[in-house]
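Okay, thanks everyone for coming.

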Amino acid sequence: MPEQIDLENYLTSFRFRWKIQMRWSDMDEMKHVNNAVYLTYFEEARLRYLHETLQIPYRDVDTRVIIARNTVDYVLPLFFLDEPYLYIRCTHIGTKSFELEQVIVNEKDGQKKLIAKGGTVMVTYNYKLNQSVAIPDSWREQFLQHEKYIETK
């Protein structure tokens, strides 16, 4: 589980925020969001982050991204009438991969509570060559322009 953090200050380092649209089918018999659904939330927000914020294309291109690793730390349960938002930032760019940090926060009744914290390692992959490839320079530039702080190799 993540260490104690000053949530309000921590969230200022994220420039991307997306409102999660929960569905009744996301709930399990314990009446909270099922743990597997968090990865779906991460996926939906990640696609929006990459496409809308960084303009990474998904159609008619040979080079795309694939997931090498996902992690999730569950902190508090999420219930149907909560108001969850997902924050994403890129924390590291390598030669062929980059890392995203993803945080779900319940912002119900003017209070912010950390629900889950996760990470995803994405690899740039050329489907015609069937192999990983270097991150395109244009993507690298967009990441560096968008994020406040980012590690590079």
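So, let's begin with Asp26, which counts as buried at 1% relative accessibility. Keep in mind that this is a predicted model. Asp26 has a salt bridge to Arg23, with the closest N and O atoms 2.7 Å apart. Arg23 itself is partly exposed, at 47% relative accessible area.

Staying with charges for a bit: the count of salt bridges comes to nine. Another one is Lys117 with Glu101, where the closest N and O atoms are 3.5 Å apart. That pair links distant parts of the chain, since Lys117 sits in strand 5 and Glu101 in strand 4, 16 residues apart. And both Lys117 and Glu101 are buried. There's also a network: Glu44, Arg48 and Glu52 are joined by salt bridges that share partners.

Then there's Glu8 and Lys112, a salt bridge with its closest N and O atoms at 3.2 Å. Here the two residues are 104 apart, with Glu8 in helix 1 (residues 7–11) and Lys112 in the loop between strand 4 and strand 5.

Glu107 counts as buried because its relative accessible area is 13%, under the 20% cut-off. Which side chains does Glu107 make polar contacts with? One is Arg17, at 2.6 Å, and another is Tyr87, at 2.5 Å. Its contacts, leaving out residues up to four places away in sequence, also include Glu83, Tyr85 and Lys112.

Now the nonpolar side of things. The largest nonpolar core has 31 residues, and Tyr41, Tyr49, Leu86, Phe98, Ile104 and Phe143 have the most contacts inside it. Two or more residues come from each of strand 1, helix 2, strand 3, strand 4, strand 5 and helix 3. Helix 2 gives the most, with seven. If you click on Ile104, you'll find that it touches, among others, Tyr41, Phe42, Leu86 and Ile115. Apart from that core lies another one of nine residues, among them Tyr10, Phe14, Tyr87 and Val105.

Last stop, Gln145 in helix 3 (residues 137–146). Gln145 is exposed, at 64% relative accessible area. Its C-alpha is 29 Å from that of Asn130, 15 residues away along the chain.

Terms used. Residues are numbered from 1 along each chain as its sequence is written. This is a predicted model: local features need pLDDT of at least 70, side-chain atom pairs count only at pLDDT 80 or more; totals for chains, interfaces and linings use all residues. Side-chain values use heavy atoms; hydrogens and water are left out. Buried means under 20% relative accessible area, exposed over 50%, partly exposed in between (1.4 Å probe, protein chains only). A polar contact is a pair of N or O atoms within 3.5 Å; within protein, one must be able to donate a hydrogen and the other to accept it, and residues adjacent in sequence count only if both atoms are side-chain atoms. Contact means heavy atoms within 4.5 Å. Helices (H or I, at least four residues) and strands (E, at least two) are DSSP runs, numbered from the N terminus. A nonpolar core is a set of buried Ala, Val, Leu, Ile, Met, Phe, Trp, Tyr and Cys residues joined through side-chain atoms within 4.5 Å. A salt bridge is a side-chain nitrogen of Lys or Arg within 4 Å of a carboxyl oxygen of Asp or Glu.
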